[in-house]
Amino acid sequence: MIPGTGRALGPLLLLLALLQCAARRWAVVKRSVPDVCATCHIHATCHQIEGKSVCICNYGFVGNGRTHCQDKDECQIGANKICGNHTLCHNTHGSFYCVCLDGFRASNNNKTFIPNDGTNCTDIDECEESGLCGHNAKCVNTEGSYKCYCNDGYKLENGERSFHPDGNTVSCREIDCGKPLLIPHTEMTWDNSTTLRSRVYYRCKGGYYFNGGRNFSECTIDQSWENITFICKEEELFSNLSIFNETCVKWERKTGRLGVQKTYTFRILGQRWDEKTFSEDVIFNITTNEDNPKVCLDLDSGSNYVVNITTISSTNIPVSVTVAVQTKVKEPFNNVLIFNDTCLKWQRNVRGTDVEDRYSFHVQGQRWYQKEFFHEMIFDLTTHKQAPEVCFDLQPGTNYSVNISMAALNFSLLVSMTTQITDPPFPDVEFVAVTGSAPLLRLRKAEDQNGPISFYQVIVLPLDLQSTFICDSFAAATFFSNATDVKGYVAAEFQAKDVADNMPISLGDRHYYGKFYNAPLKLGEEYCVFLRVISEWNKVRTQSCAIWAQIKNLAPMPQYMTAVGLGSVAAVCLILFLTFSAARSYLHNTVSSPPAALACEAVYLSATMDTAQLGFTSSFLETENVSLL
């Protein structure tokens, strides 16, 4: 042995010893693990999955593959899902099979099948077998079955609509409705057949007509004749008689016989409303085959008639009917015209000039501006003229309603008339003639006699124009107007609604009344004053005037004198102040002036002051008078 070799081999020997021990242990362990495939259940199969042995239950079984594999019931999920429609599912040990329901067969013609080859159940048409339902019946196939029905004209004895022969002794027998129904006053047309859909026709006997839904009855599947509302009524020769278009008559003829000629006799008795002695008796015949005759009569207007119609029935009995006819008046007059504001004329239409007509007039008038006003007239007029005329005594400025009636002909007509306003009544004034000063005037209200009073105007003009004054002049002339050379003007205008009775009027008070300026009167002049009353209505303007006052030698009024005096005092004070200032300045500048010169200068200034004062006063008064004009 080489020295040191023993030390090197020691670990290797120890490793080999350990490996041998491990190999023996593994062999022991390997001998203790059983074979998995050997432990699989009898209804299981061993499979290698990822290098390992696994036991899996066979198809049709469920479990862990080693200790148990029990049968799987495939039918529990439902036959329709596993076998298809119209099937039954039967489970077997480890499997199942399908069968078709009664009335169906498998498409592979086998009694059983497993639905893995596309096999399904289809309907069996039992009606392919002839004679399945027996005599007088027909077969109708249904899904999975069939039904039997009796042929037309036949019915099951038990009253059912369908049946299965299945050994039952049910049979179909022919339908028989028996004898048809009897309806009063009718005759039957029938071929004596009582089977299904046989018909019997009815017709009314003479003197009766049909009234109902239809004229036949049919044998039904219920083995009975239909109930119909066929009624024969006694004939009506003048049913639903009525008047139309005022003079025409119509009616219905219900005889049950079409196209039969029938003669009618008419007798007409007439009498006018306003002529008691007038009568009319007319007889005539008409023949017609219409079931709805219409006859128009030649009747006069404004009359009462009795029309009797007679004919012979189918049983040779006279039948008559009477009807009253009242004709209206066809406008006995028209073309009513208004002329001359208060007159009417019209045209007669009904009768000639040899017959007189009486007209009744009822006239009523009212005014919107006088609620208490009411004018009424009632009178009659008899005339034979073809174009009568009548004039009314109407009040001006009034709305009238005129009712014209003819009681004899039961006719009336309403006409509206409006009268124009006329000049209002002359103003009620108290004439005043004064000298030296303007008077205080009193305005009295005028009455709405010929129309509504709208305005009052105070007119001032020179006295020499009084005789030529026209009432409708100076309508809009103001004091400041330069459009005319006429010197007159309107000093004031008042609306009627603002005027109180005996209202005071002061001339020249420098106020505006309406759009007019009441200017001061010129000193020394002579004036005349007019009062104008104005009415306006329905686009018409009227007026009346009256002289109210005369003013001569007009002197200054106290207020004007006061103003002039105050102006004069102010002017004198101003002149004195100016004179004193001038004198003081003169004395200061002229030291060497002698006393005599100063006295002369003072006298000169005093004379100058008096002259200036008088000139200023005169100029102020004239200027005041001019400005006032």
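The questions and answers below walk through the strands and the surface of a predicted model.

Residues are numbered from 1 along each chain as its sequence is written, and side-chain values use heavy atoms, without hydrogens and water. Because the model is predicted, local features need pLDDT of at least 70 and side-chain atom pairs count only at pLDDT 80 or more, while totals for chains, interfaces and linings use all residues.

Visitor: How many strands are there in the protein?
Guide: Helices (H or I, at least four residues) and strands (E, at least two) are DSSP runs, numbered from the N terminus. Counted in this way, the protein has four helices, and its strands number 41.

Visitor: In what order do the strands of the open sheet of three strands lie?
Guide: Two strands pair if DSSP finds at least two bridges between them. The pairing in this sheet is antiparallel, and the order is S26-S27-S30. Strand S26 (333–339) and strand S30 (389–391) each pair on one side only, which makes the edge strands S26 and S30.

Visitor: Which residue in S27 stands opposite Ile-338?
Guide: S26 and strand S27 (residues 343–348) run antiparallel and are joined by five bridges. Opposite Ile-338 stands Leu-344.

Visitor: What is the bridge partner of Asn-308 in S25?
Guide: Strand S24 (residues 303–312) runs antiparallel to strand S25 (residues 318–326), and nine bridges join them. The hairpin of S24 and S25 has five residues between the strands, where Asn-316 takes a positive phi near 60 degrees. In S25, the partner of Asn-308 is Thr-322.

Visitor: What percentage of the 629 residues count as buried?
Guide: Buried means under 20% relative accessible area, with a 1.4 Å probe and protein chains only. By that cut-off, the buried part of the 629 residues is 33%.

Technical notes: Buried means under 20% relative accessible area, exposed over 50%, partly exposed in between (1.4 Å probe, protein chains only).
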